[in-house]
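Please look through the structure shown here with me, point by point. My notes concern ring contacts and charged side chains.

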Amino acid sequence: MLGLGHDVVDVPSFAEQLNEPGSRMRGLFSMREIWQTAQRAQIKHDEEAVHLAARWAGKEAFLKAWCAAISRHAGNNGTVEYPYTLDDFPWVRIEILDDSHGVPHVVLSPEVQRRMLQSLGLHSDERHPAYDICISLSHDGPIASAVVTLEF
């Protein structure tokens, strides 16, 4: 089974939302994501918003890939039931983090991982995960994008 998701973010609009007084956008990222983003912006000599926008695109692309996988799992005869709505989706518990080589990865909290597996009728143990998540992030000028694949 496969899920594919893609998302594009307009960086200037995202930066405006991020810096708007009272905005909750920054709260949709974990402390680790914010820390890594600040470090990357410092190294690259650019704005934090560019890197957060790419991570936001990654979160959105993951959501789309998961929804596509759920739809494929249900097939033509099944009813599609999503474990979350857009209002209660756990954005902060789905992290887009770089490894020690700067390669991005999707890191799910144990609760999100459990709900994802359950929504797809899968079981996993820590030694043999039942899935693989691949992510690619990019940004160029005013655009950030991400592609995510889920393989089960």
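1. In this predicted model, Arg-115 is partly exposed, with a relative accessible area of 25%. The charged end of Arg-115 sits over the ring of Tyr-84, at 4.3 Å from the centre of that ring.

2. Arg-115 also takes part in a salt bridge, in which its side chain meets that of Glu-111 with an N to O distance of 3.6 Å. Both residues belong to helix α4, where they are 4 residues apart, or about one turn of the helix.

3. Glu-111 has a further partner, Arg-93, and in that salt bridge the closest N and O atoms are 3.0 Å apart. Because Arg-93 lies in the loop between α3 and β2 while Glu-111 lies in helix α4 (residues 110-119), this pair ties together parts that are 18 residues apart in sequence. Glu-111 counts as partly exposed at 26% relative accessibility, and Arg-93 likewise counts as partly exposed, at 37%.

4. The structure holds 8 salt bridges, and another one of them joins the side chains of Asp-98 and Arg-40, at 3.1 Å from N to O. Here distant parts of the chain are linked, since Asp-98 is in strand β2 and Arg-40 is in helix α2 (residues 31-44), 58 residues apart. Asp-98 counts as buried at 16% relative accessibility, whereas Arg-40, at 25%, counts as partly exposed. Together with Arg-55, these two residues are linked in a network of salt bridges.

5. Turning to the rings, a search of the whole structure finds 8 aromatic pairs. In one of them, the rings of Trp-56 and Trp-91 have their centres 4.7 Å apart and their planes at 45 degrees, so the pair is tilted. The two residues are 35 residues apart and link distant parts of the chain, with Trp-56 in helix α3 (residues 48-74) and Trp-91 in the loop between α3 and β2. Trp-56 is buried, with a relative accessible area of 11%, and Trp-91 is buried too, with 7%.

6. Phe-62 and Trp-66 form another tilted aromatic pair, 5.7 Å centre to centre, with 50 degrees between the planes. Both lie in helix α3, 4 residues apart, which is about one turn of the helix. Phe-62 counts as buried at 0% relative accessibility, and Trp-66 is buried with a relative accessible area of 1%.

7. Which residues form one aromatic cluster? Phe-14, Phe-29, Trp-56, Phe-62, Trp-66, Tyr-84, Phe-89 and Trp-91 do, and Tyr-84 is the residue whose ring lies under the charged end of Arg-115.

Note on methods:
Residues are numbered from 1 along each chain as its sequence is written. This is a predicted model: local features need pLDDT of at least 70, side-chain atom pairs count only at pLDDT 80 or more; totals for chains, interfaces and linings use all residues. Side-chain values use heavy atoms; hydrogens and water are left out. Rings of Phe, Tyr and Trp (its six-membered ring) pair if their centres lie within 6.5 Å; planes under 30 degrees apart count as stacked, over 60 as edge-to-face and the rest as tilted. Buried means under 20% relative accessible area, exposed over 50%, partly exposed in between (1.4 Å probe, protein chains only). A charge sits over a ring if NZ of Lys or CZ of Arg is within 6 Å of the ring centre and within 35 degrees of the ring normal. A salt bridge is a side-chain nitrogen of Lys or Arg within 4 Å of a carboxyl oxygen of Asp or Glu.
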